[in-house]
Amino acid sequence: MSIDIINLSKLYGQQKVLNDVSISLKPGQITGLLGPNGAGKSTLMKIIACFIPPSSGSVSVYGYDVMKSSLKVRQLIGYLPENNPLYPEMYVREFLLFIAGLYGMGKQSKVRVEELISMTGLTTESNKKIGALSKGYKQRVGLAQALMHKPQALILDEPTSGLDPNQLVEIRNLIRDIGQTRTVLLSTHIMQEVEALCQRTVIIDKGRIVADDETVNISNSVGGQEVIMVEFESAIDSSKLLTIPGVTKVSFFALNKYELQAEPGSDIRAEVFRFAVEQHWIVVAMQKEERNLEDVFRSLTIKS
């Protein structure tokens, strides 16, 4: 594993922001980190990036402990924080050359800067001052500086914030390409972003991990129910719907329309139709509702 987080906790006074968190991340995988505001996402990322120390537990990056070998860890990690600290009075190319100098890249600085300007779509903006850029282009500059030293792991906190739809596609493709060979941990509030980019999703709430699975499986991994919406032509005795094989719950939705829940992975539509025929009920419409990542997120964190 490239990043190992074991029993990690972080306290600010009496407030426990992270509570016994354990995650292992591997190369070639983009992991989405989801959670409501204040859940502990940014704190977790800052600890991995050696910005703040943990209160207990351990974090290692490619075998190097963040407390004992922080300089080595920083060499291995590229970090784009949520607030993206930049120097607004500097020009884009000037700033990136400055960052290259900090990494001691010497004669390779100019080549690497031009490579990153092209890679992140900054060519038309490279001679502008950072302060004059839109938020989307500032995000690109932040991503370019995070990639400067060709890090093995990339920690991205809200990397697509402020991007327009065209920029969003470009940066998604860039992150996807980077994630083929590197470890990427990406925090965002945009569920579609995780569904489009991340092979794995970790949901954190009140400092604890409440879900951790492959993105395509996460609905079932947290016990999601299959949902069927069925509408009848006229009023029915809804209590009879509970006798249909496979139905676990019936809820009134609207006039003559009901929500039926069944066990994960089951499809009860044929049973519902057969039952309706036996009862001489006319089915006007029936549809299987697809649960998405947003539904799962809300079900796990709405009580917060």
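Start at the largest pocket: α3 gives the largest share of its lining, four residues. The model is predicted, so local features need pLDDT of at least 70, side-chain atom pairs count only at pLDDT 80 or more, and totals for chains, interfaces and linings use all residues. Numbering runs from 1 along each chain as its sequence is written, and side-chain values use heavy atoms, with hydrogens and water left out.

**Stop 1: the pocket.** Select F51, Y79, I99, Y103 and Q145. Of the 19 lining residues, these lie nearest the centre of the largest pocket. Its volume is about 490 Å³. A pocket here is an open set of points on a 1 Å grid over the protein atoms alone, where a 1.4 Å probe fits, with protein on both sides within 12 Å along at least five of seven lines; lining residues have an atom within 4 Å of a point. The volume is the space filled by probe spheres set on the points, which are joined across faces, edges and corners.

Now colour β6 (77-80), α3 (92-102) and α5. Each supplies at least two lining residues. Helices (H or I, at least four residues) and strands (E, at least two) are DSSP runs, numbered from the N terminus. By class, the lining has 14 nonpolar, four polar and one charged residue. Nonpolar covers Ala, Val, Leu, Ile, Met, Phe, Trp, Tyr, Cys and Pro; charged covers Asp, Glu, Lys and Arg; the others, Gly among them, are polar.

**Stop 2: α3 against α5.** Keep both helices on screen. Their axes come within 10 Å and cross at roughly 25 degrees. Axes are lines fitted to C-alpha atoms, for helices over the stretch in contact; angles run from 0 to 180 degrees between N-to-C directions. The pair is therefore roughly parallel (under 35 degrees; over 145 is roughly antiparallel, 65 to 115 roughly perpendicular, the rest oblique). The crossing is right-handed (near helix turned clockwise from the far one by less than a right angle; anticlockwise is left-handed). Select V92, F95, L96 and I99 in α3, which meet V141, A144 and Q145 in α5 (heavy atoms within 4.5 Å). This contact has six nonpolar, one polar and no charged residues.

**Stop 3: α5 against α6.** Move to α5 (residues 135-147) and α6 (residues 165-178). They pack at about 15 degrees, axes 11 Å apart. That makes α5 roughly parallel to α6. This crossing is left-handed. Select G136, Y137, R140, L143 and L147 in α5; they meet Q167, E170, I171, L174 and I178 in α6. The contact residues comprise six nonpolar, two polar and two charged.
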